[in-house]
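Open your viewer and switch to a cartoon display. We will walk along some strands together, one selection at a time.

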Amino acid sequence: QVQLVESGGGLVHTGGSLRLSCAASGRTFSTYAMEWFRQAPGKEREFVAVISRSGRSTYYADSVKGRFTISRDNAKNTVDLQMNSLKPEDTAVYYCAADLQSYENIYSTRSGSMDYWGKGALVTVSL
């Protein structure tokens, strides 16, 4: 069992920055990859970023590459998503997820493959 709680959402103007954080508890944090997904109104949930168990490997959706940075602190059981140069199309509920089937360099970017989810944090980017 893994419990995930997001924090840090809010309202920001175009071009601004926000930092999301996800606190995990339960299974040993360093044994699984952590991911961020988002879901905009009327759209399907989509992959944003993933970080490997150790934190040495990351991968991003093309839509956020160069603007978002995922990081983790295995001592604190947290994973963060630093979001810069935000655009209105980044408006969504952001979810952190745990991929317990992952290995150091093998992880999924499919929402259906995630094992646990947080409840989400709303990010709104205004013009």
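Start by selecting strand E4 (residues 33–39) and E5: they pair in the antiparallel sense over 5 bridges. Strands here are DSSP runs of E, at least two residues long and numbered from the N terminus, and two of them pair if DSSP finds at least two bridges between them. This is a predicted model, where local features need pLDDT of at least 70, side-chain atom pairs count only at pLDDT 80 or more, and totals for chains, interfaces and linings use all residues. Residues are numbered from 1 along each chain as its sequence is written, and side-chain values use heavy atoms, leaving out hydrogens and water.

Now click Trp36; its bridge partner in E5 is Ala49. Between E4 and E5, the hairpin has 6 residues, and Gly42 there takes a positive phi near 75°.

Stay with E5 (residues 46–51). Because 5 of its 6 residues are buried, E5 is largely enclosed by the rest of the structure; buried means under 20% relative accessible area, with a 1.4 Å probe and protein chains only.

Val50 has Tyr59 of E6 as its bridge partner. In the turn of this hairpin, find Gly55, with a positive phi of about 90°.

Finally, select the open sheet of 4 strands, antiparallel and ordered E1-E3-E8-E7. Strands E1 (2–7) and E7 (68–73) are its edges, each pairing on one side only. Inside this sheet, E3 (residues 18–26) and E8 (residues 78–83) share 6 bridges, and Leu20 has Leu81 in E8 as its bridge partner.

How values were computed
Buried < 20%, exposed > 50% of the residue type's maximum accessible area, 1.4 Å probe, protein only.
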